[in-house]
Amino acid sequence: MRVSDIQSTEDYLALGASLAAEFVVDAVERDRRGGTPKPARDRIRESGLLKLIIPEEYGGIGESWITLFGIVREFAKVDSSIAHIFSYHHLGVIVPHLFGTDEQKEYFYRETARQNWFWANALNPLDRRTTIAPEGEIFRLEGKKSFCSGSWDSDILPVTAIDRETGKISVFVVPTGREGVELHADWDNMGQRQTDSGSVSFHNVKVYPKEFFGSRGFPAPPFATFRACLGQLNLAHIYLGIALGAFEAARRYTREQTRPWLTSGVDRATEDPYILHHYGSLWVDLEAVGCLVDRATEILQDAWEDRWDLSEEKRGRCAVAIATAKVAATKTGLEVANRIFELMGARATASAYGFDRYWRNLRTFTLHDPVDYKIRDLGNWIVNEKFPEPNFYS
C-alpha cells in the first residue's frame with residue numbers, strides 16, 4: 001500500500017501497521033547491529049508518510065497528530081528506534097511553522113513534500129557548544145551538537161545555536177549534506193541503538209536567510225512554544241508503544257513456551273493463578289495509560305488547530321494533560337518491561353529472543369528529561385494552580 005492508494009485515515013493507520021509488520025522481522029538483529037536502519041528509512045520514504053502532517057495546500061497529506069501518533073505507537077511496539085526517527089522527522093518539519101515566517105513555513109513545507117525530504121534533529125538547546133553569527137548577508141555556524149537523532153541518511157537538520165552577538169538561542173535549519181557539516185558515528189548506548197543519536201560538528205557552515213528563523217526566548221506566544229508539547233506527547237506514545245510491544249511479546253511467549261513451576265499444581269503455565277493475576281494487573285495499568293495518552297492527544301490536536309490564537313490557558317491545560325500521560329507511560333512502561341521476565345521465566349532471557357531490548361530502549365529514552373520534574377510541575381499545578389512554565393522541554 002502507498003499513499004497514492006489511500007482514501008481514509010484508517011488507510012494511513014493500516015499502512016503504518018503494515019510497515020510495522022515488516023520492521024519486526026529483523027528487529028532483534030538490527031538492535032544488535034546498531035547504526036542506521038537504512039532499509040527501513042527507505043521503506044518509509046517510499047510509503048509517502050514523510051508528508052503526513054504537511055497541510056494539503058502545500059502538497060502534503062494534511063493528516064492530524066492523532067493519526068501521526070497512532071502510527072508512531074505502532075512502530076514503537078516493534079521497533080522504538082524507527083518510531084524515534086520517524087516521529088522526530090515530523091517534529092522537525094513543523095519547526096519553520098512555529099519559529100519562521102509564513103514564507104519560510106510555506107517554502108519548507110512545499111519543498112519537503114516535493115523532494116520527500118527526511119528531517120532529523122540537532123536542536124538540543126541544552127548543548128550550548130554551537131554558535132552562530134551574521135557575516136554579510138548570511139550567517140556562519142560553528143560548534144558541535146550531541147543527541148542528533150536521525151542525522152545519518154537525513155536531508156535537513158533543524159539546529160539551535162547561541163547567537164554570538166546577543167547570547168540568545170537562534171533556531172534555523174541546514175541541509176545535512178552542506179559543506180562543513182560532519183556527522184559522527186558515536187552513538188553507542190545500550191538502547192535506541194538504531195537512532196543515530198550521536199553528535200554532529202559544524203565547521204564554518206553557511207546558513208542562508210531563508211533558513212534562519214531568528215532568536216527565541218521566553219516568554220513567547222503560546223503557539224511558538226508548542227513544539228515542546230508535541231515532543232513530550234511523542235515520548236509518551238513511544239513509551240506506551242514499547243510497553244505494549246513488550247506485553248504482547250511476553251504474552252505470546254507465555255502461551256507458547258513458558259513452563260509451569262513444579263509446585264504450581266497446574267499442567268500449563270497459562271493456568272497458573274499467579275501468572276494470570278500479574279498479566280491482569282499489567283493489563284489494567286496499560287489500559288489506563290492508553291486512555292491518558294489518547295486523551296492528551298485529543299487535547300493537543302484541538303490546541304494545535306487554534307494556531308496563533310492559542311491561549312496561555314489552553315496551552316497550559318494541554319501541557320498538564322501531556323505531562324500526566326508521560327509520567328504514567330514512563331512508570332508503567334518500565335514496570336512492564338521489567339516484570340515480563342517474571343512471567344515468561346528464565347529461558348526468556350536467552351539473547352536469541354532479544355526481550356531485553358524493550359527495557360533497554362525504554363530505560364534509555366525515558367532519560368530524555370527527568371520525570372521527577374514533570375511530577376513537580378503537576379504538583380505545582382494541583383496545589384498552586386500554576387501551569388508548567390513553557391520552555392524547550394515543557
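Residues are numbered from 1 along each chain as its sequence is written, and side-chain values use heavy atoms, with hydrogens and water left out. Because the model is predicted, local features need pLDDT of at least 70 and side-chain atom pairs count only at pLDDT 80 or more, while totals for chains, interfaces and linings use all residues.

The protein contains twelve helices and seven strands; these are DSSP runs numbered from the N terminus, with helices being H or I of at least four residues and strands being E of at least two. Along the principal axes, the C-alpha atoms fill a box of roughly 80 × 50 × 45 Å. Of the 394 residues, 56% count as buried, where buried means under 20% relative accessible area, exposed over 50%, and partly exposed in between (1.4 Å probe, protein chains only). The protein exposes about 17,500 Å², and carbon and sulfur atoms supply 51% of that area (Shrake-Rupley method, 1.4 Å probe; for residues, only the protein chains shown count as cover). Among contacts with a separation of 6 or more, 74% come from residues 24 or more positions apart, a contact being heavy atoms within 4.5 Å.

An unreviewed entry lists "domain: Acyl-CoA dehydrogenase/oxidase N-terminal" at residues 21-114. That span is 70% helix and 0% strand, and its end C-alpha atoms are 28 Å apart. The feature "domain: Acyl-CoA oxidase/dehydrogenase middle" (unreviewed entry) is placed at residues 131-205. Here the chain is 0% helix and 49% strand, with the end C-alpha atoms 11 Å apart.

The whole structure has 32 salt bridges, each a side-chain nitrogen of Lys or Arg within 4 Å of a carboxyl oxygen of Asp or Glu. In one of them, the closest N and O atoms of D42 and R45 are 3.6 Å apart. These two residues are three apart in helix 3 (residues 38-47), so about one helical turn separates them. D42 is partly exposed at 24% relative accessibility, whereas R45 is buried at 17%. Both belong to a network of salt bridges that links K38, R41, D42, R45, D153 and D155.

K314 and D302 form another salt bridge, with closest N and O atoms 2.8 Å apart. K314 lies in helix 10 (residues 312-344) and D302 in helix 9 (residues 273-304), so the pair ties together parts twelve residues apart in sequence. K314 is partly exposed at 26%, and D302 is partly exposed at 38%. D377 and R376 also meet in a salt bridge, 3.2 Å from N to O; D377 is buried, with a relative accessible area of 12%.

There are 21 aromatic pairs in the whole structure. Rings of Phe, Tyr and Trp (its six-membered ring) pair if their centres lie within 6.5 Å; planes under 30 degrees apart count as stacked, over 60 as edge-to-face and the rest as tilted. The rings of F226 and W304 have centres 6.2 Å apart and planes at 35°, so this pair is tilted. It links distant parts of the chain, with F226 in helix 8 (residues 226-256) and W304 in helix 9, 78 residues apart. F226 and W304 are buried. Ring pairs join W65, F69, F223, F226, W304 and W308 into a cluster.

Terms used. UniProt positions renumbered as here; feature names shortened; annotations may be inferred.
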